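Please look at the sequence and the model below before reading on. The paragraphs that follow go through selected contacts, helices and backbone details in turn.

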Amino acid sequence: MRRSTSPAMALTLWSAAHPVGISMMMLAVWVLGWFALKQLGINLLPHLIYPEIRVRVTDAGVPASVMEEKVTRLLEEQLGVTENAISVESETTEGRSTVNLGFPYGTDIDLALRDASTRLDRAKRFLPRDIDPPTIYKRDPAQTAVLELVVHSPQRSLADTSEWVREQLSPWLVGLTGVAAVEIGGDVVREIQIFPDLLRLYAMGLRIDQLAYAIEQENQDHGLGLLHSDPASLPVRLVGRWQTVEELKQLPIRLPVKTTQSVVYLADVANIIDHHSVPQVNVRFNGIQGINLAIQKQPTANTVAVVERVLHQLAWLKQKNMIPADIQVNPVKNQATYVHHAVNNAQWAMFSGAALAMLMVYLFLGHWLPTLIIGVALPLALALTFILMAAADLSLNIMTLGGLALGMGMLVDSGIVMLENITRQIQQGHSQPIKRAAAEVNNAITASTATNLAAILPFLFISGLVGLLFRELIFTLAAASLAAWLVAMTLTPALAKQMPAQTQRPQPVMNGLRTAYVGLLAQTLKRPWWVVLVFVLGLSQTAPLFWQQKQDFLPNMDEGVVEVRLRGTVGMPLTEMDNAVRSIEALLRQQPEVASVYSVVGGSLFGRSQSQASHRSSLTVQLHPQAVRAVTAQAWMDKMKKTLRTLDWVGIEARLSVQGIRGIRLSRGDDDFSLRIQGKDRAVLTDLAEQFVDKLNQVNGLRNVHHSNEDNHAELQIVVNRWQANALGLSLDAIHRQLKPLLRPEQVGDVLEHGRSVPIKLQALPSSLSSTQDLAQLWLQNNRNEWVRLGDVAQIEWLAAPVAILRDKQQRYVEVSASLVEGVALKQVLDEAQRVLQGIVPPSYVYYDAGISETLRQGQNTHQMLIALALFLVFAVMAIQYESLRDPLVILFSIPFSLIGVALGIRFLDLTLTMPVWLGVIMLIGMVVNNSLVLVDTIKQQTLPRRVAILTAAGLRLRPILMTTLSTLIGLTPLALGWGEGTEMLQPLAITLIWGLGFSLSVSLLLIPAVYLILTPQSPSSS
């Protein structure tokens, strides 16, 4: 028998001798754990920061091709040399250029942001001077609004409601703890609009750019210095900014040509209107137009707490009558709702699993005292786990709570082994039951904990999305294992020592089961090679399932959100699109599963960033929780597709998709499936994309197949005859300076009214420039102060132009995207797509996926590496423990054959092989050896002949093996059933563990004794 003076033995004996001290120490742990739990934030997922940096430049009204040439290409060249950048992608649309820098996972993104900012500062010198200042930021899912509100009033105009939201409501919310920003969208702002009379300007010899310059120069305050007077020096300011619109109207404009009148007032040559801007997009909630208010939280803030503070503040404002009775504030997107459901379901799975595990203890031990000890040990292990989680700055999310739910069985395993052995020693009347029990199982419990940690801790060193997503789950499991070991070594023996000898009642069922098992094992040990052969045949028949089964990266989660995207013909009137959206809204709201419908008509909206496109709209449909509705979001979407086809639409296409997991981005593409075709000629790219769409529509499992070049719009191009213009005294720059203020609203100052700045916008009256003929009749002033018509020096023509220009590696590409049908594996679709697309792409053109297959391949490489590493570390830990290679090799046999159960579960449930499944396999490596380890350790302690020692140890360890395995299986059952929101992510993991651990019982009880008999010498005590 091994030495009994190990640190674990000393700790156990000390704890048994000081029950009061241990109890008070554990009470202190419980109190600290309760405080630590209060400090843990509540979020849906762990904090994810993708290694990407984005730079955005806006210049309203500039065509995409011009933005690409003057802005995008320059930014790509300057930012592409940022240290460690591995990809440079861009998207250029009318008036906007966006460049994305990609970095390897594990890069210090803050350091990369500083480096990219330095590169951007250098690039600013070469950018056009009239653009808005570039913005640079890192891509953080925390920037997604945690709460979106729609504010509307049936009695107020949109302008009045907008002003109330900006001036009254927003300041009350932006100062709340945890709130990073309150962004307003879909609103209108007050502005002073100046529409010059072009004919009068021409008659007076004035150009519109001269008018803009005069307005800007006369609307400035100037510091003049100090007036030194007694007793102090006073600053002197020359006041020039307008305080009222009337002052602006009386602005004197000096005429460049001397006439009978040398000065005119601004009101004499322009129509000045105090008005409001036109909303770029229409925002509606359940059919009522309003203003969008997006609440962003700080990156480390608690999602649930931030949302609750905002909603509490709104209720308080309503109570204090600070929100008028005619103002209605409705939440339209609330991340906390789904977080609440997901967290509550994970908590329910955790506590119900704990209760079922305790019930299993009672059924096996047959008395309430041992069950009570486990019931006391369990919350203490949880409290210690919470302390470790708080020290690691984790939050309560579906990963950490899922880890606790998975760890419920692990939290009681060590305690069960210790308690069962002590109970048996007490019943047998040993004078020192604690010391004897600890000598038998302490090493086995310590080795089991070490193997569990050895199997999963390498996961903490994995980078990439897998590491970001599952790291907190692994840390929680590791913390739970350490906590369970500590409680089993201290509190369990301290409390078990107080149990009377009559604690264990006669158990005829258990005794009969033990007798039957020992008899069966005695027969199998007569032919141990036959036992090995049966298991080898079973593994050979089931192992191919692991590479034949459908594969994906992550399981689908049903958040009950369905996106409806509408696309019409480019240039269609906004009223026509608005009517189509209203008809869909009415149809959707009639469905019993629908809780709300949120619509953005005529473009897109992200916080205060708005993109106007009259031919595009989107509707976000929030379904009732899963417990209320009878169908999944996918099934409901499929039903609505058929319904929408019955609507009589002309030129409008609807695409429906189920929203993916919030905050998780698996690829660089915009959909589940994305391919990119790269080449020089845009026409060839578009033709190839059309062929790709036709071919991919034949692939089973894809829907909503489309490409990024489907949208084109007409662009009016003014082609200047340079020879003619030069002959008439006009340069291209002069034409640009005189035309730009006519065609694009230009801010030329502001009016400072009552401390608030009201912008001044100068533009030609839109009705005066509504055709190409109107443009051709515009007058331009040459360098000799003579007037020349635009039509005399330029040709005006309509040409097709791209809506968006996509670039990767500084080359253009077109993206073909599609959504996956529920139940179809990504790898299956990728393989089929590769088959149907063969031979389409000509030389000098190439196509590749937008990252999802790369993510899938990296995930496969990751789990293969982790499985190999886990096997090695588990073997190393056991070899160190036993100072032997043979015994760990015997125990290691339990791992591959337990995969038979996993394969059977995959086949029976038609489970897709996702990362949670492989994580379950990795966890199994550390868990399935526990029972075999305890059994082999007990065999080695026997001084009987080899076969008798095996049978004796098997009989002794049958009950603890059954108790630990079944308690873990029962504890995992609620999570494996997948009831409620948020359980879909970890349900495959729980199923994998249940089937693997369940089958491992036969491996531990039948195969391991046979292998031990074959591989060990005659003396069981020799090592």
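Predicted model: local features only at pLDDT ≥ 70, side-chain atom pairs only at ≥ 80, totals over all residues.

Arg676 has a relative accessibility of 1%, so Arg676 counts as buried, the cut-off being under 20%. Side chains of opposite charge can pair when their charged atoms come close. One partner of Arg676 is Asp808, at 3.5 Å from N to O. Because Asp808 belongs to strand E30 (residues 804–808) and Arg676 to strand E22 (residues 673–678), this bridge ties together parts of the sequence that are 132 residues apart. Asp808 also has a relative accessibility of 1% and therefore counts as buried.

Another partner of Arg676 is Glu815, with the closest N and O atoms 2.9 Å apart. Glu815 lies in strand E31 (residues 811–820) and Arg676 in strand E22, so this pair ties together parts 139 residues apart in sequence. Glu815 is buried, as is Arg676. These residues belong to a network of salt bridges that links Glu89, Arg676, Asp808, Lys809 and Glu815.

The count for salt bridges comes to 30. Among them is the bridge between the side chains of Arg784 and Glu786, at 3.4 Å from N to O. How accessible are these two residues, Arg784 and Glu786? Arg784 counts as partly exposed at 45% relative accessibility, and Glu786 is partly exposed with a relative accessible area of 39%.

Aromatic contacts come next. A pair of aromatic rings is described by the distance of the centres and the angle of the planes. A search of the whole structure finds seven aromatic pairs. In one of them, the ring centres of Phe535 and Phe897 are 6.1 Å apart and the planes stand at 85°, so the pair is edge-to-face. This pair links distant parts of the chain, since Phe535 sits in helix H18 (residues 528–542) and Phe897 in helix H30 (residues 894–909), 362 residues apart. Phe535 and Phe897 are both buried.

A further pair is made by Phe692 and Tyr847, whose ring centres are 5.2 Å apart with the planes at 85°; this pair is therefore edge-to-face. Here too distant parts of the chain are linked: Phe692 is in helix H22 (residues 682–696) and Tyr847 in strand E32 (residues 846–849), 155 residues apart. Phe692 has a relative accessible area of 0%, so Phe692 is buried. As for Phe535 and Phe897, they form one aromatic cluster together with Phe999.

The backbone also has points to check. Most residues other than glycine have a negative phi, and most peptide bonds are trans. Ser844 has a positive phi, near 70°, and is a residue other than glycine. Ser844 is in the loop between helix H27 (826–836) and E32. Is this serine buried or exposed? With 66% relative accessibility, Ser844 counts as exposed, because the cut-off for that class is over 50%.

Asp910 likewise has a positive phi, of about 50°, although Asp910 is not a glycine. The loop that holds Asp910 runs between H30 and helix H31 (915–941). At 45% relative accessibility, Asp910 counts as partly exposed.

Helix H32 (residues 946–977) can be checked by its length. At 1.5 Å a residue, the 32 residues of H32 should span 46 Å, and the end C-alpha atoms are 43 Å apart, which agrees. Where does H32 have a kink? The kink, of about 45°, is at Arg957, shortly before the proline Pro960. Of the 32 residues of H32, 24 are buried, so this helix is largely enclosed by the rest of the structure. Just after H32 comes Gly978, with a positive phi of about 65°.

An α-helix has 3.6 residues a turn, so residues three or four places apart point the same way. Val31 has a relative accessible area of 34% and is partly exposed.

Definitions and conventions. Residues numbered from 1 in each chain as written. Heavy atoms only, no water. Helix = DSSP H or I, 4+ residues; strand = E, 2+ residues; numbered from the N terminus. Expected span 1.5 Å × (residues − 1). Bend = angle between axes of the 7 residues up to and from the residue. Buried < 20%, exposed > 50% of the residue type's maximum accessible area, 1.4 Å probe, protein only. Phe/Tyr/Trp six-rings, centres within 6.5 Å; stacked < 30°, edge-to-face > 60°. Salt bridge = Lys/Arg side-chain N within 4 Å of Asp/Glu carboxyl O.
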